[in-house]
Amino acid sequence: MIDIVVLLGVMAELSALILLGWLLTKLRLLDANGSSVLSTLVVHVFNPALIISSVLNGGLQGESDTVIEAIVCGILLYALLVFIAVLFYARSKAPAEEVSICKMIMIFANTAFVGYPILRALYGDFAVFVFSLMHLPFNVLIFTYGRALLEKGNKKKLSVKDLLSIGTISSIIALILYFGNISLPDPCVDFFSVLGDACVPLSMIVIGVSLSKASWKDIIQCRSINVAVFLRLIVLPVLLALITIPLPISDFNRELLVISGALPAGSMVVVLAKEYKANDRIASAGVFSTTILSVITIPLMLALLL
C-alpha cells in the first residue's frame with residue numbers, strides 16, 4: 001500500500017527540481033546544448049548506474065518469484081497497451097499522423113526520467129530493478145511498432161543497436177548480478193550508488209528545461225492530443241487497476257503496473273517524430289501536457305486506485 005503523504009512529498013520534491021530546470025533555462029544558466037548533454041548523461045550513465053546499483057546492496061534473492069513475475073507482467077502490459085491504443089483510435093476521424101502520435105503517447109511512458117525517481121522514493125532500490133525488467137519490452141516495441149506508426153514509407157533499417165539500448169543492457173546486467181548472486185567490491189558498489197543518486201535531480205532538471213520550450217498554442221489547438229492526454233493520465237491507470245484485480249499476481253507488481261499507467265508520455269515519442277519528420281510539434285505538446293499534469297494526476301490516481 002502506497003503512503004500518500006510520502007508520495008505527495010516526493011511529487012513536491014520532483015516538482016521543485018523541474019521548476020529549477022525551468023528557472024535555469026529562463027535565467028540562461030542552462031541552454032539547449034547544456035540540456036542535451038545532461039539528457040545524454042542521464043540516459044547513458046546515470047540511469048544505467050541506478051539500475052545496476054539497485055541490485056548491489058544484497059538481500060534481494062528471496063524475491064526471485066516477484067522478479068520473474070514482473071518480466072511476464074511487462075510482456076502482457078505492452079501487448080495490452082497496444083491493444084487499448086488500437087481499440088481507442090479504431091474509428092478516430094483525426095488525421096492519420098495525429099492518430100499515430102496519440103497511440104504512441106498511450107503506449108510509451110516516461111519510465112526512466114519520471115518512473116525511477118518516484119519508485120525509488122516510494123519503495124527503494126529493489127523497485128527500480130523490478131520496474132526496469134517490467135519495461136524491457138519498451139525498446140523492442142518502440143523501435144518496431146513505434147517506427148511502423150510513423151515511417152510513412154520512409155523505411156529505415158532496424159539495427160541490433162536500436163534494440164539493445166543502454167537501458168536494456170543495464171537491466172540484463174542487473175538480472176545477471178541478481179540471479180547469479182554476484183557481489184562486487186565495496187568501492188564498486190559505492191561508485192554505482194553515487195552515479196545512481198545523481199539520476200533523480202538531473203532527470204527532473206532536464207524535464208524542466210524541456211517544458212520551458214513547449215508551445216501552449218499547440219496544446220490548446222490540438223483536440224486529439226488533449227484527448228490522448230486524458231486517456232494516458234486518467235483512463236489508462238483506471239483500466240490497468242481494474243484489469244489487474246483478478247490476476248494472480250503480487251500486490252507489489254500490481255502497484256507497479258498501475259503506476260506504469262499513471263506516468264506521463266515518454267520523450268522518445270518526440271525523438272522518433274522528429275526522426276521520421278512526423279508532426280513533432282504535437283508530439284512535444286503531448287509529452288509536455290502529460291508531464292506537467294502528472295504532478296497532480298499521479299498522486300490523485302494512486303490515492304484512488306491503490
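Is C73 buried or exposed? I opened the notebook with this residue, keeping in mind that the model is predicted, and I found that C73 has a relative accessible area of 7%, which falls under the 20% cut-off, so C73 counts as buried.

Next I turned to the packing of two helices, α2, which covers residues 32-53, and α11, which covers residues 186-197. I recorded an angle of about 130° between them, with the axes 7 Å apart. For the handedness, I noted that the crossing in which α2 passes α11 is left-handed.

I listed the residues at this contact as well: from α2 there are V45, F46, A49, L50, I52 and S53, and these meet F192, S193, L195 and G196 of α11. Sorted by class, the contact between α2 and α11 comprises seven nonpolar and three polar residues, with no charged ones.

My last entry concerns S203, which I located in helix α12, residues 199-212. The relative accessible area of S203 is 0%, so I marked this serine as buried. With neighbours within four places in sequence left aside, I found S203 in contact with V42 and F113.

Definitions and conventions: Residues numbered from 1 in each chain as written. Predicted model: local features only at pLDDT ≥ 70, side-chain atom pairs only at ≥ 80, totals over all residues. Heavy atoms only, no water. Axes fitted to C-alpha atoms, helices over the stretch in contact; angles between N-to-C directions. Helix = DSSP H or I, 4+ residues; strand = E, 2+ residues; numbered from the N terminus. Left-handed = near helix turned anticlockwise from the far one by under 90°. Contact = heavy atoms within 4.5 Å. Nonpolar A, V, L, I, M, F, W, Y, C, P; charged D, E, K, R; others polar. Buried < 20%, exposed > 50% of the residue type's maximum accessible area, 1.4 Å probe, protein only.
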